[in-house]
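Here are my notes for you, point by point. Have the sequence and the 3D view open while you read.

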Amino acid sequence: MATPGWVRLVPPVVKDTAAYLTLENRGSAPLRLVGAETEVAQRVSIHMDHREHRGGQVVLGMRPLPHLDIPPKGKVEFRPGKYHLMLEGLRRPLKAGEKVTLVLKFQDGSRLKVILPVEMR
């Protein structure tokens, strides 16, 4: 189950953006998110934001993940500073208020369709 989320509004020249939501696993077995797809981008990948300390400075970055496990009876939040779905290679500029459909793919073959509004936050 997915709770309401959003897609970050970016300027028209930017070709990547992020989607955020919360995924809840109501089952008794782990659930593994292995990917997603959308018509508005060439690819969707799972990313995790991270912070590194280098030479006394904090460097912010992100790294792709091959999958993300949602524990039984647990949930995972996709939010700024943590996990996000990276929409890469936008096929067109997104507009504030429009709805983006994502299809989340799980290792067990199940799929979950979510519809998220584009918002400036």
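1. "Buried" stands for under 20% relative accessible area, "exposed" for over 50%, and "partly exposed" for anything in between (1.4 Å probe, protein chains only). By that rule Arg 121 is exposed, as its relative accessible area is 59%.

2. Some ground rules. You're looking at a predicted model, where local features need pLDDT of at least 70 and side-chain atom pairs count only at pLDDT 80 or more, while totals for chains, interfaces and linings use all residues. Residues are numbered from 1 along each chain as its sequence is written, and side-chain values use heavy atoms, with hydrogens and water left out.

3. Let's go to the core. A nonpolar core is a set of buried Ala, Val, Leu, Ile, Met, Phe, Trp, Tyr and Cys residues joined through side-chain atoms within 4.5 Å. The largest one here has 29 residues, and the members touching the most others are Leu 33, Phe 78, Leu 85, Leu 87, Leu 102 and Leu 104. At least two core residues come from each of β2 (16–24), β3 (31–37), β4 (41–54), β6, β8 (83–90), β9 (99–106) and β10 (111–119). Those strand labels are DSSP runs (E, at least two residues), numbered from the N terminus.

4. Zoom in on Leu 33. What does Leu 33 touch, leaving out residues up to four places away in sequence? Its partners include Leu 23, Ile 46, Phe 78, Leu 85 and Leu 104, and also His 67 and Lys 105. Contact here means heavy atoms within 4.5 Å.

5. Now the charged pairs. A salt bridge is a side-chain nitrogen of Lys or Arg within 4 Å of a carboxyl oxygen of Asp or Glu, and the whole structure has seven of them. Take Glu 98 and Arg 92, whose closest N and O atoms are 2.8 Å apart. Glu 98 is buried at 17%, whereas Arg 92 is partly exposed at 38%. In the bridge between Arg 79 and Glu 77, the closest N and O atoms are 3.9 Å apart; Arg 79 is partly exposed at 38%, and Glu 77 is partly exposed at 40%.

6. Back to Arg 121, which forms a salt bridge with Glu 119 at 2.7 Å, N to O. Glu 119 is partly exposed, with 25% relative accessibility.

7. On to the rings. Rings of Phe, Tyr and Trp (its six-membered ring) pair if their centres lie within 6.5 Å; planes under 30 degrees apart are stacked, over 60 edge-to-face, and the rest tilted. How many aromatic pairs does a search of the whole structure find? It finds two. Trp 6 and Tyr 20 make a tilted pair, 4.7 Å centre to centre with 35° between the planes. Trp 6 sits in strand β1 (residues 2–8) and Tyr 20 in strand β2, so this pair ties together parts 14 residues apart in sequence. Phe 78 and Tyr 83 are tilted too, at 6.2 Å and 55°; Phe 78 is buried at 3%, and Tyr 83 is buried at 16%.

8. One last spot to check. Lys 73 has a phi near 55°, a positive value in a residue other than glycine. Lys 73 lies in the loop between β6 (68–70) and β7 (75–77) and is exposed, with a relative accessible area of 62%.

Notes. Helices (H or I, at least four residues) and strands (E, at least two) are DSSP runs, numbered from the N terminus.
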